[in-house]
Amino acid sequence: MGMNVSRHDDLGENEYLKRFVGKEHIPAYNDEFWNSFLQYHINLPTNSQEQLSLDSRLETLCQSFISHNLSTGNFGSLINVYLVKVSELLALSDAESTVHIWQAFNALFIIRCLIKYMIETGSEYQLLQHFEALPIQESQRQTDGTTQAGGSSSGADVAVSIDPKVIADSKAAVAKLVDGTKFETFLEALVNIIVVIPVKEFTYHLHLEAVNCLIVLLSVSQFSQQRTDKSTIFKTIYKCQHANTLMSALLHFLSRMTQAPSTMFGFGSGGSFVFGIAESLWSILTFARKQPDILSAPDLPSAFKDHYPLANQSLLLMLILSNHYTTKDNPYRASLFGCSDSQDSSKDDAATFKIDFSSLYNTLCRIVTIDQATLLLYLLLHRNQRFYKYVMAQQNLQQLVIPILQTLYNAPDSTSHHIYMSLIVLLILSEDDNFNKSVHQIILKNITWYTERSISEISLGGLLILVVIRTIQYNMLKMRDKYLHTNCLAALANMSGQFRSLHPYVAQRLVSLFETLAKKHARLDQQLKQSVNGEAAVVDVAVSLSAPSSDDMLQDLSVLEEVLRMVLEILNSCLSHQLVYCPNLVYTLLYKRSVFEAFRSHSAFQDIIQNIDMVVGFFSSRLVRVQDQRGELGVNEVLEVISKGASQWSSDRLRKFPDLKFKYVEEDAPEEFFIPYVWSLVCKAGCVHFSSESIKGVTTEINC
């Protein structure tokens with residue numbers, strides 16, 4: 001401590017820490033102690049192992065703190081010192097404030113470590129007790145017999161005498177900062193750091209620590225079975241009068257995505273504040289390193305967390321604040337959903353705050369493959385109509401959609417929740433007809449990450465169809481999630497009336513999807529008939545025990561028939577609205593007409609199969625006539641016949657079905673899904689690492 005870098009091994013022997021957690025009261029006015037105590041540099045934990053190492057070395061000190069603080073009130077003294085530092089920062093210029101920022105950061109880091117320990121090992125009530133604890137007066141100590149007559153010490157560990165008048169004077173010195181309870185005042189100071197002090201190179205880590213401290217305070221919900229509406233901490237945070245300002249600041253931190261400076265509290269050149277330690281030692285404190293653009297990083301989530309920690313933690317804090325209290329008055333949730341574009345000149349008195357949507361959109365495009373960024377995008381698209389309309393008006397939609405498709409394509413590397421939310425985002429986008437039209441007008445070249453087949457050129461819409469079909473097939477093999485099937489097909493159904501210029505491979509994959517499902521249907525139907533007729537021979541006991549029951553097979557068959565019906569409806573919708581623009585789909589249907597044979601007499605598919613048969617029959621007869629005249633036809637000649645025939649085709653011949661329009665609706669009790677999901681992201685992707693063994697409200701691994 002002092003002016004040296006603190007190594008974790010030295011913490012237990014540090015004289016200032018030992019005094020702070022010991023039996024002696026240290027008043028807030030003891031500038032000599034606090035200035036020395038708060039002039040330190042420490043290796044900040046950047047991963048779970050480092051956090052565990054720090055926690056283990058702080059364990060004994062924290063236990064001593066818990067044992068003594070209710071008598072010494074030293075935590076309250078530290079809080080008061082911190083409040084003074086923050087109040088002074090608000091009035092100081094940049095040139096004057098560097099040391100104050102350094103010391104305010106150090107005070108807040110210690111406070112955060114103690115709060116985290118108390119939350120993980122105790123109760124919220126005990127934590128608040130330590131916030132409000134005052135030192136025991138000397139007269140009370142004498143009554144308890146802890147000092148000898150005359151006030152002389154009976155041993156080295158006996159607390160020093162405390163003069164009540166001095167304590168009163170100390171309280172008076174900070175009275176201007178107090179408005180309500182100590183915790184409320186502390187919370188107000190945290191918010192002031194975030195929303196009032198501008199983010200600069202030497203303030204960056206102070207902002208980061210304030211955000212981290214709020215996350216730690218909110219983690220009380222995960223280490224207790226107490227309902228959040230009964231939590232004093234939650235009630236205090238959610239009645240905050242500055243919700244709009246706080247959410248605005250956090251969203252700006254994300255949108256601007258400022259990279260962490262290479263030093264914690266100094267300018268990079270001229271006039272910087274130097275603490276007198278070697279530059280090599282500073283390197284252990286930095287989150288940022290020289291690197292290429294973040295998009296080129298092989299591990300984007302880690303790169304984002306390491307190089308843009310303030311943006312990352314602000315994003316996680318926004319998700320926490322907006323996903324709790326979803327059925328109650330939540331000012332943070334309302335604030336996020338009510339913000340508007342600062343570049344929009346039209347008057348909007350209903351907006352909660354303004355932010356540059358262009359900057360926010362570009363940032364989300366850069367990081368949307370990160371789980372927590374996808375979740376924020378979902379919230380904004382689903383709940384903020386202003387942002388949704390802004391996104392729908394963009395000409396560069398591929399910048400947003402392609403990374404989402406990459407997430408789905410690399411499904412084995414993603415959580416089931418991330419896959420699910422990526423699909424929901426696509427479904428919400430597909431609710432807009434202009435989106436469904438424009439994706440087929442955006443032509444992409446050389447999509448190298450799509451390795452199923454080399455495609456030199458394809459529309460964004462075509463690529464979207466390919467990836468969604470692949471996701472359906474992956475789900476059939478691995479996840480077997482009915483809702484995932486439904487959302488995939490709902491997105492394709494919304495788009496189907498606007499399918500245009502489908503690549504030959506896209507048309508093949510659409511029909512092949514039906515073919516694959518049809519084969520599975522035939523196998524399942526056969527198994528069910530054998531089961532009902534009792535035809536199964538005597539087999540190995542283990543196999544028979546693991547075999548699905550008739551009820552299970554019936555349920556699977558019912559789900560499969562729903563999926564088959566939706567695929568047929570998607571094909572029919574395209575033929576009804578866009579046949580003239582999709583010759584490759586007609587070609588594929590002609591080539592694969594036999595796959596529909598088994599369903600012509602099936603009551604669940606008869607009506608819609610008739611439409612497909614009518615299209616196939618019309619173009620088949622034209623091809624026969626041309627072949628009679630010219631002989632065998634090549635692919636290009638067949639497509640030419642189809643194109644000419646399409647100009648004479650009338651969709652009035654087809655049976656009319658309702659337009660396919662699906663709208664995403666959030667299920668009841670969204671907290672049951674989103675709160676565990678958000679906290680799993682905090683544990684997995686955050687800069688603050690929690691003791692997962694103690695978590696009661698969520699596990700770090702969530703299965704869909």
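Biologist: What makes the contact between the side chains of Glu 120 and Lys 116 a salt bridge?

Modeller: The N to O distance is 3.2 Å, and a salt bridge requires a side-chain nitrogen of Lys or Arg within 4 Å of a carboxyl oxygen of Asp or Glu. The pair therefore qualifies, at 3.2 Å. The model is a predicted one, in which local features need pLDDT of at least 70 and side-chain atom pairs count only at pLDDT 80 or more, while totals for chains, interfaces and linings use all residues. Residues are numbered from 1 along each chain as its sequence is written, and side-chain values use heavy atoms, with hydrogens and water left out.

Biologist: How do you know that Glu 120 and Lys 116 are separated by about one helical turn?

Modeller: They stand 4 residues apart in helix α5; helices (H or I, at least four residues) and strands (E, at least two) are DSSP runs, numbered from the N terminus. Asp 55 joins Lys 116 and Glu 120 in a network of salt bridges.

Biologist: Why is Glu 120 called buried?

Modeller: Buried means under 20% relative accessible area, exposed over 50%, and partly exposed in between (1.4 Å probe, protein chains only). Glu 120 has 16% and Lys 116 has 3%, so both count as buried.

Biologist: How do you know that the salt bridge of Glu 666 and Arg 333 links distant parts of the chain?

Modeller: Their side chains meet at 3.9 Å, N to O. Glu 666 sits in the loop between α30 (635-648) and α31 (671-685), and Arg 333 in helix α16 (residues 331-338), 333 residues apart. Both Glu 666 and Arg 333 are buried.

Biologist: What are the accessibility classes of Arg 470 and Glu 452?

Modeller: These two side chains form a salt bridge of 2.9 Å, N to O. Arg 470 is in helix α23 (residues 460-479) and Glu 452 in the loop between β5 and β6, so the bridge ties together parts 18 residues apart in sequence. With 25% for Arg 470 and 42% for Glu 452, both are partly exposed. A search of the whole structure returns 20 salt bridges.

Biologist: What makes α28 roughly perpendicular to α29?

Modeller: Helix α28 (residues 583-591) and helix α29 (residues 606-630) pack at about 90 degrees with axes 10 Å apart, the axes being lines fitted to C-alpha atoms over the stretch in contact, with angles from 0 to 180 degrees between N-to-C directions. Angles of 65 to 115 degrees count as roughly perpendicular (under 35 roughly parallel, over 145 roughly antiparallel, the rest oblique), so α28 is roughly perpendicular to α29.

Biologist: Which residues of α28 and α29 meet?

Modeller: Val 586, Leu 589 and Leu 590 of α28 touch Ile 612, Val 616, Phe 619, Ser 620 and Leu 623 of α29, a contact being heavy atoms within 4.5 Å.

Biologist: What is known of the backbone at Met 257 and Asn 446?

Modeller: Neither is a glycine, yet phi is positive, about 45 degrees at Met 257 and near 50 degrees at Asn 446. Met 257 occupies the loop between α12 (243-256) and α13 (279-282) and is buried at 6%. Asn 446, in the loop between β5 (443-445) and β6 (457-459), is exposed at 56%.
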